[in-house]
Amino acid sequence: MSQPTFGPRWSSIVSEGWRSGLPDLQAASLTLRELQVADAGALFEELNSDEVSRFISPPPANVAGFERFIRWAQAERVGGRYACFAVVPESRSAPVGIFQIRVLDPHQATAEWGFALGSSYWGTGMFMASARRVIDFAFGQMGLRRLEARACVANERGTGALRKPGAVCEAVLHQSFERDGERLDQGLWTILREDWLFLKSVSRVAVH
Ligand SMILES: CC(C)(COP(=O)(O)OP(=O)(O)OC[C@H]1O[C@@H](n2cnc3c(N)ncnc32)[C@H](O)[C@@H]1OP(=O)(O)O)[C@@H](O)C(=O)NCCC(=O)NCCS
């Protein structure tokens with residue numbers, strides 16, 4: 001007897017080619033590539049500061065912790081749940097930050113993205129150059145339809161960054177983030193695939 005068909009709700013509609021390895025994504029003056037265990041020391045140096053981690057979940061506290069995180073990221077990628085890119089400026093071989101995409105619901109093609117750069121690279125254009133490529137990857141190669149980000153309302157820089165590729169604040173999640181004993185509100189910022197494609201088609205300056 002053949003299996004009944006229940007439509008896309010019951011079969012993953014998220015593309016899976018990326019599970020065997022992330023491609024290199026080229027942008028002006030940088031490359032986004034798969035994390036390697038050897039990146040642990042550089043990422044620890046760049047991301048383990050109060051300035052970078054003030055409004056995000058604490059990064060690993062030492063190099064060994066970053067090595068464990070990178071191995072975990074690779075295993076999650078194989079499982080189709082997570083993609084994490086290292087941001088490597090053209091002048092370096094070591095990364096200065098990460099962009100991550102965590103699949104929340106493959107049936108609904110929904111994922112959460114997040115990012116962090118070493119503070120010396122803030123305001124350099126590296127965020128937006130990377131974001132364009134990562135969003136294209138999420139909506140293209142991963143087949144996602146909705147990208148969510150949670151950003152502390154007090155994180156003006158993170159919120160300002162999210163506005164740039166057209167993310168829209170759908171809601172405020174009250175006291176949804178705990179850091180150092182303090183409970184903070186977060187904005188739920190979303191980008192829909194059709195909105196991204198529309199924005200790209202009408203505003204090449206803003207998103208290209
Ligand atoms: C988030 C992050 C990757 C963005 O990179 P960035 O290089 O700082 O981002 P950009 O400079 O391109 O964009 C930030 C925007 O916020 C704006 N901004 C900065 N401080 C601001 C403030 N106090 N109030 C309002 N807007 C502010 C900037 O002016 C900029 O917009 P503009 O280029 O249109 O002027 C980086 O700041 C970072 O790693 N932060 C720590 C980790 C983090 O918070 N991650 C995000 C979690 S949601």
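**Strand pairing, core and ligand shell in a predicted model**

Q: In this predicted model, what makes strand 6 (residues 146-152) and strand 8 (residues 182-192) a pair, and in which sense do they run?
A: Strand 6 and strand 8 are joined over 7 bridges in the antiparallel sense, and because two strands pair once DSSP finds at least two bridges between them, they count as a pair.

Q: What makes strand 4 (residues 97-105) and strand 5 a pair, and how many residues lie between them in their hairpin?
A: The two strands run antiparallel and 8 bridges join them, I101 having W113 as its bridge partner in strand 5.

Q: In which sense do strand 5 and strand 6 pair, and what is the hand of the crossover between them?
A: Strand 5 and strand 6 pair in the parallel sense over 3 bridges, and T110 has R146 as its bridge partner in strand 6. The chain crosses from strand 5 through helix 4 to strand 6, and this β-α-β crossover is right-handed. The name applies because, with the strands pointing away from the viewer, the path over the helix runs clockwise.

Q: Which residues have the most contacts inside the largest nonpolar core?
A: The largest nonpolar core has 46 residues, and those with the most contacts inside it are F85, V87, I98, W113, V134 and A138. Helix 4 (residues 126-139) supplies the largest share of this core, 8 residues. Leaving aside neighbours within four places in sequence, A138 is in contact with I101, A111, W113, L144 and L147, which means that their C-beta atoms lie within 7 Å of that of A138.

Q: Which residues come nearest the ligand, and which element gives the most to the shell around it?
A: Of the 20 residues around the ligand, F127, A151, E156, G158 and G160 come nearest. Helix 5 gives the most to this shell, with 5 residues, and by class the shell has 12 nonpolar, 5 polar and 3 charged residues.

Notes: Residues are numbered from 1 along each chain as its sequence is written. This is a predicted model: local features need pLDDT of at least 70, side-chain atom pairs count only at pLDDT 80 or more; totals for chains, interfaces and linings use all residues. A nonpolar core is a set of buried Ala, Val, Leu, Ile, Met, Phe, Trp, Tyr and Cys residues joined through C-beta atoms within 7 Å. A residue is buried if 20 or more other C-beta atoms lie within 10 Å of its own, exposed if 12 or fewer, and partly exposed in between; C-beta atoms are placed from the backbone. Helices (H or I, at least four residues) and strands (E, at least two) are DSSP runs, numbered from the N terminus. Two residues are in contact if their C-beta atoms, placed from the backbone, lie within 7 Å. A residue is near a molecule or strand if its C-beta atom, placed from the backbone, lies within 6 Å of it. Ala, Val, Leu, Ile, Met, Phe, Trp, Tyr, Cys and Pro count as nonpolar, Asp, Glu, Lys and Arg as charged, and the others, Gly among them, as polar.
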